[in-house]
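Notebook open, structure loaded. I'm jotting down what I looked up, one entry at a time.

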Amino acid sequence: MEPWRDPRQAYLYGLGSPMHMPPQQHRPDQPVGGVLKRSLGEIERWQHQRQVALQQDLYMRAVRQRTAAAHVSPISSVDIAAVLGGGAPSHQQQQPLIFSCSGLGGSPSSALSSLTTASRAAIPLIQQHVHRQAQFAPPPPPSVQAHAFGAPSGGSELSILQELEKQLLGDDDDDDQAAEAEPAMSGTASTLTSSEWEDTIQRLNSITAAAAAPSPPTSFPAAATTPNNNSNYNAGMTRSPSNSSTSTASSSASCSPPISATTSRQLLSEAALAIADGNLEAAAASLAALKRGGAVSPRGDSAEHRLAATMAGALSSRIAPSAPASAQRDLADLCGAEHRTGCQFLHDVSPCFRLALDAANICITDAVAGHRAVHLVDFDVSGPQHAALIQRLADRRVSSLRVTAVIDPTSPFAQCLPATLPAVGERLRKLAERAGVEYRFRVVSCRAAEIEASRLGCEPGEALAVNLAFALSHVPDESVSPANPRDELLRRVRALGPRVVTLVEQELNSNTAPLATRFTDASAHYGAILDSLDATATAGPDRARAEEAVAKMAANAVGRDGADRLERCEVFGKWRARFGMAGFRPVALAPGIADQVMARAGTPPPPGIVVKPDNGVLRLGWMGRVVAVASAWR
């Protein structure tokens, strides 16, 4: 029997490049059966014919891409079922199987990605059909397997894959006429290479395997390389073509059951990539499919749903920017008193942040050991951190603690501080009084370039310490302002001559990373934070406000650019470079600091928390993802 043929009797297909061959008549002496039922000699003769025809036809004709999508129709599970069943409905018997992914006019890799996504609905049917065949069909002889050119073992799978190749490479008469009328353009012609065909098979296999794989932690597929030492969470995400987003959205929209967490992550990742490529239509289609699937809910039962809702909202704001008045309200909310209160709760209930701030307190108490009077200059006062510091200083018999809270009047975050900081200072004063520590609290408003010892009220005989926990990520750098207030602040702080400068920051690059990388890193980072809250924090108003603060930070990091992006975190490697250029040198942490920090994690500590000293700093993470890094400088 002759090899498998296109219904139009125009092409002979194997698993290599396409060949144009004249129609062949069936000869009675040929054996009946498919490729796998022929003898070894016949297979070798057929292979020789393929090679000769390929050499003759390679220079005769270039296979052109389809550019018209008007004649294609969306694939459905009924189409695949008809192919697997060997027949088709009466109204479809004369039509070839056509895959639609909003046009196949893109690159071959784009079409492959779209076809792979569109075939997701057929995978369960393929598996069932192949399973039934495997129960009754005997395995082919080894000699035949060795000469099958790597063809799929299941007849139905071979049919589907051949249909995929036919739709990618099959020219029609119109294409032939257009090729004769147009000048030869070898640079625009495209053929399906063997590597692209292997990619298609690998993607189909990965789709089948994904259905049985367990769901990973709350994070989306990560971008290729981000220097944040989070390889456990950052599985590689390759840039898929924009047509893939539309195809996935069409496939998901046709499915009535709710979409899975894996599909929601894929849709969000495709939307972010499409926005980065400027294809807003494809991104909107992916987000619409995500919304119809019910996978996003700000008040969902799982951290996965809440994170998806946050990221979907952030990406949607990039597709359809809100009115200026609404955008200003969003920024005002991020800098308002409500959000600041939520951040305070987050520092208290999140195990990674709470322990990182405690590590900074240990560095401060060690640096001022032996001094009875301590002056702490803080650029972002955290109530929970200061409360724990007061108790540690009391245990060290410190008699006097003076705190100077510095506010930059040019910072958007300074709007609510004059009204909220005095109340925080009063509560801390009462707590210090009960601990037997004399406490004074003062607020100073000055720009980074105006920071001086006299302005801050530094006095001789006091042990000066500076706390920069979660402060520098809210100060613009050279990518936002030519004045570079971030580095200017560091230089001014060094001029004060403090005994120690503590730094605590999130391990996340939301400052200069491109959108696709920033989205991926932010998804993994904030997903780990929400997971840790699910596992360690009791449901209630405090946790709800903490999660709302996380949502606002994530939305700003992903959804805003330029001066409107206020969340500008950097990974520790960049902080180390900045401190080094400002003239600081690292201070070695105490040998047992990890044990001291873990003592505050509870007994027993949460199984997902990780506290690891690493090259003079302390890394704190959740389930393998580094969330925060604490360090000390002088």
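This is a predicted model: local features need pLDDT of at least 70, side-chain atom pairs count only at pLDDT 80 or more; totals for chains, interfaces and linings use all residues.

**Entry 1: helix H10**

I started with H10, where Ser 264, Arg 265, Leu 267, Leu 268, Ser 269, Glu 270, Ala 271, Ala 272, Leu 273, Ala 274 and Ile 275 are buried (under 20% relative accessible area; exposed is over 50%, partly exposed in between, with a 1.4 Å probe and protein chains only). H10 has 16 residues and reaches 23 Å from its first C-alpha to its last, close to the 22 Å expected at 1.5 Å a residue; that expected span is 1.5 Å times one less than the number of residues. After H10 comes Gly 278, and its phi is positive, near 85°.

**Entry 2: ground rules**

Residues are numbered from 1 along each chain as its sequence is written, and side-chain values use heavy atoms, with hydrogens and water left out.

**Entry 3: the whole chain**

I get 23 helices and ten strands for the protein chain; these are DSSP runs numbered from the N terminus, with helices being H or I of at least four residues and strands E of at least two. Of the 634 residues, 49% are buried.

**Entry 4: helix H12**

What does H12 pack against? Its buried residues pack against helix H10 (261-276), helix H11 (280-292), helix H20 (515-536) and helix H21 (541-559), a contact being heavy atoms within 4.5 Å. The buried set in H12 includes Glu 304, Arg 306 and Met 311. H12 (residues 303-319) has 17 residues and reaches 24 Å, close to the 24 Å expected.

**Entry 5: strand S7**

I checked S7 (residues 500-506) next: seven of its seven residues are buried, so the strand is largely enclosed by the rest of the structure. Val 500, Thr 502, Val 504 and Gln 506 are buried on one side, and Val 501, Leu 503 and Glu 505 on the other.

Who are its neighbours? S6 (residues 463-467) pairs with S7 in the parallel sense over three bridges (pairing needs at least two DSSP bridges), and Ala 465 has Val 500 as its bridge partner in S7. On the other count, S7 and S10 (residues 625-633) pair in the antiparallel sense over six bridges, with Leu 503 opposite Ser 631 in S10.

**Entry 6: cysteines**

I searched the whole structure for disulfides and found zero (the cut-off is a pair of cysteine sulfur atoms within 2.5 Å). Cys 352 is buried, at 1% relative accessible area, and Cys 569 is buried too, at 0%.
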